[in-house]
Amino acid sequence: MKKHVISHWSYLYGLLFASVGGFSVFHVWGELKPTADISWLDVLSEGGMTTLAIFWLYMVLRSRPAGRVTQLIALGLCCIIFSWSMDVVDEFIRLPSTLLWHSWLESLPIPLALIFLSVGIYHWHEEEIAISAQMAKRERHFREHRLFDKLIPVGGAGYLRKQLGLALKEASVSMIPVSVVAVDLNDFNLVNRRYGVKEGDDILQVVSQLLLINIRHDDLICRLAGDRFVILMNNTTESAAKLIAEDLKQAVSHLAYRTREENERVHLTATVAVTTAQKDDTDSLIQRLNTLIIRNKPDRSVLV
């Protein structure tokens, strides 16, 4: 983590060093323009562009880990910031036209920036393809981070509703069955009470990973609420979905999770429910699934 921070600061130090060099050129060889010769519209436009480019650089460095893509995009943005900041200075200080660096300071960094950004975006494209392959069971058709669960690395209820709406729409056209499976942990409130909410959150993350491993490649898992997960299964009959639901139930019961503090094994069980879309919309299908999961719930605690 320390190396990560240092490498990110190096871009800012490099940009600051280059900017000081550029300003020095203007300071040594340039002369101040009369106020009447200053185009304040250009100052506002170029100053705004420079400020936005600094914001872009900050967002890239703030959100991305160190690596080839970050390096190339950051270098491209640094070149743009340098060039545009020299444009701003040029509005106040006039360099003699005989000075070789007169045009280089503003023009040379832009081609370099475009090369860095083009190569960086290409590798970003490759990176996104690799990440999308890993996210295949967590997202489909579109990515919307605002709909992702804040605790578990899967989509939340809003994401599920949107995906379910798309699946039902496709199914009505292609006449394929759409099934949904709910996996609800039994008596999970007792786990939170006994081991604490933090430990409970860790268990939910482990369970989500366990379910991800055990669903098919084309299935989509979301967290509907609390300890209830829903798996959307396109082109799947109810009988086929029930077989997978039973496998998920068994997988949860065989999970050997040990707590951080007491190193105590937590035994979990889950209730599953399965239903297939008839002439449903999103709300009616989720409502029927919730009704089934409540009906299937055991009467007693199974937490040992």
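Predicted model: local features only at pLDDT ≥ 70, side-chain atom pairs only at ≥ 80, totals over all residues.

Student: What is the volume of the largest cavity?

Tutor: The largest cavity has a volume of about 30 Å³. On a 1 Å grid over the protein atoms alone, a cavity is a set of points where a 1.4 Å probe fits but cannot get out, whereas a pocket is an open set with protein on both sides within 12 Å along at least five of seven lines; lining residues have an atom within 4 Å of a point. Points are joined across faces, edges and corners, and a volume is the space filled by probe spheres set on them.

Student: Which residues line the largest cavity, and what is their class?

Tutor: The lining consists of Leu 160, Leu 164, Val 180, Leu 224, Val 230, Leu 285, Ile 286 and Leu 289. By class these are 8 nonpolar, no polar and no charged residues. Helix α10 (282–296) gives the largest share, 3 residues. Helices (H or I, at least four residues) and strands (E, at least two) are DSSP runs, numbered from the N terminus.

Student: And the second largest pocket: what is the make-up of its lining by class?

Tutor: Its lining has 7 nonpolar, 2 polar and 2 charged residues, and the pocket has a volume of about 190 Å³. Among the lining residues are Leu 168, Met 175, Lys 279 and Asp 280. Helix α6 (residues 157–174) contributes the largest share, 3 residues.

Student: Met 175, then. Is it buried or exposed?

Tutor: Met 175 counts as exposed, at 69% relative accessibility; buried means under 20% relative accessible area, exposed over 50%, and partly exposed in between (1.4 Å probe, protein chains only). Met 175 is found in the loop between α6 and β3 and has a positive phi of about 60°, although it is not a glycine.

Student: Where is Asn 235?

Tutor: Asn 235 is in the loop between β5 and α9 (238–253). Asn 235 also has a positive phi, of about 50°, without being a glycine, and at 52% relative accessibility it counts as exposed.

Student: On to the sheet. What is the strand order?

Tutor: The order in this open sheet of 4 strands is β4-β5-β3-β8, with antiparallel pairing. The edge strands, β4 (220–225) and β8 (270–276), each pair on one side only. Two strands pair if DSSP finds at least two bridges between them.

Student: How many bridges join β3 to β8?

Tutor: There are 7 bridges between strand β3 (residues 178–185) and β8, with Val 181 partnered by Val 274 in β8. β3 and β5 also pair over 7 bridges, and there Val 180 has Leu 232 in β5 as its bridge partner. β4 and β5 pair over 5 bridges.

Student: Why is β5 described as largely enclosed?

Tutor: Strand β5 (residues 228–234) is largely enclosed by the rest of the structure because 6 of its 7 residues are buried.

Definitions and conventions. Residues numbered from 1 in each chain as written. Heavy atoms only, no water. Nonpolar A, V, L, I, M, F, W, Y, C, P; charged D, E, K, R; others polar.
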